[in-house]
Amino acid sequence: MSIWESLAIFVAGVSAGTINTIVGSGTLITFPVLLATGLPPVTATVSNALGLIPGSVSGAIGYRAELKGQRTRVLRLGVAAAIGGLSGAVLLLMLPPTAFETIVPVLVALALVLVILQPRLSKAVQQRRERNGTRTHADGGPLLFGGLLLASVYGGYFTAAQGIIYLSLMGMLLDDSLQRINAVKNVLAAVVNSIAALFFLFVADFDWTAVLLIAVGSTIGGQIGAKIGRRLHPTVLRTLIVIVGTLAIVQLLLR
């Protein structure tokens, strides 16, 4: 690996760590760069998953103020993320590399629609609960657990845009601010990446140089992303999610 390739991977790691903490989809930056250096697709995917762990943890730490009072929620949803992440990692080694190419853009597009409509839909759901005299489940109930479980299977398989899917699901089913939901998203992403990476360490090939470069870069990016993301107005954050998600769909379709 040349010095220029190493620099490109490091910069991609910083960018991915930043965008992952704010929105998600950082893999769409690092993955093409790893492929461009000559790494095989599966090796690139595994190296990317390992490298992004410190960035996910860094982003979660940056959002620690928004995580206050959410311990029970994080623990419950973290179980779904862990089970799904491990399942996705196993699928990565069992299924052909193109297995998710058709469904991924559809999933991201659906998530974006939910993000756009989330304020209106949440208001309608709240009004219905008030009419029926029911209360919002603090952890989103079985529906959110199941949805995040499936989203984490995808996250363990590839990770691209998993943050957007998390945000759309939690935004629909949790009665909380977008910033607090984003904080939970960062923790769940860290869980998925860590579980998948631990599995990969024993059964898959990876490039240690790429892993270390992305790890250092994403750790720095996680702190940058937390400082930027926590200052964004919910409308601006929602707009950014839609923009990044749209770009993700375009890139996935053009691959």
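Phe206 is partly exposed, with a relative accessible area of 21% (buried is under 20%, exposed over 50%, partly exposed in between, with a 1.4 Å probe and protein chains only). The model is predicted, so local features need pLDDT of at least 70 and side-chain atom pairs pLDDT 80 or more, while totals for chains, interfaces and linings use all residues. Residues are numbered from 1 along each chain as its sequence is written, and side-chain values use heavy atoms, without hydrogens and water.

The structure holds 2 aromatic pairs (ring centres of Phe, Tyr or six-membered Trp rings within 6.5 Å; planes under 30 degrees apart are stacked, over 60 edge-to-face, the rest tilted). One of them joins Phe206 and Trp208. Their ring centres lie 5.0 Å apart and their planes stand at 85 degrees, so the pair is edge-to-face.

Helix α11 spans residues 208–229 and helix α3 residues 41–51 (helices are DSSP runs of H or I, at least four residues, numbered from the N terminus). Their axes come within 8 Å and cross at roughly 40 degrees (axes are lines fitted to C-alpha atoms over the stretch in contact; angles run from 0 to 180 degrees between N-to-C directions). Ser47, Asn48, Leu50 and Gly51 of α3 meet Ala210, Val211, Ile214, Ala215 and Ser218 of α11 (contact means heavy atoms within 4.5 Å).

Gly171 is found in helix α9, residues 162–173. Gly171 counts as buried, at 2% relative accessibility. Its C-alpha atom is separated by 7.0 Å from that of Ile181, 10 residues apart along the chain.

Technical notes
Helices (H or I, at least four residues) and strands (E, at least two) are DSSP runs, numbered from the N terminus.
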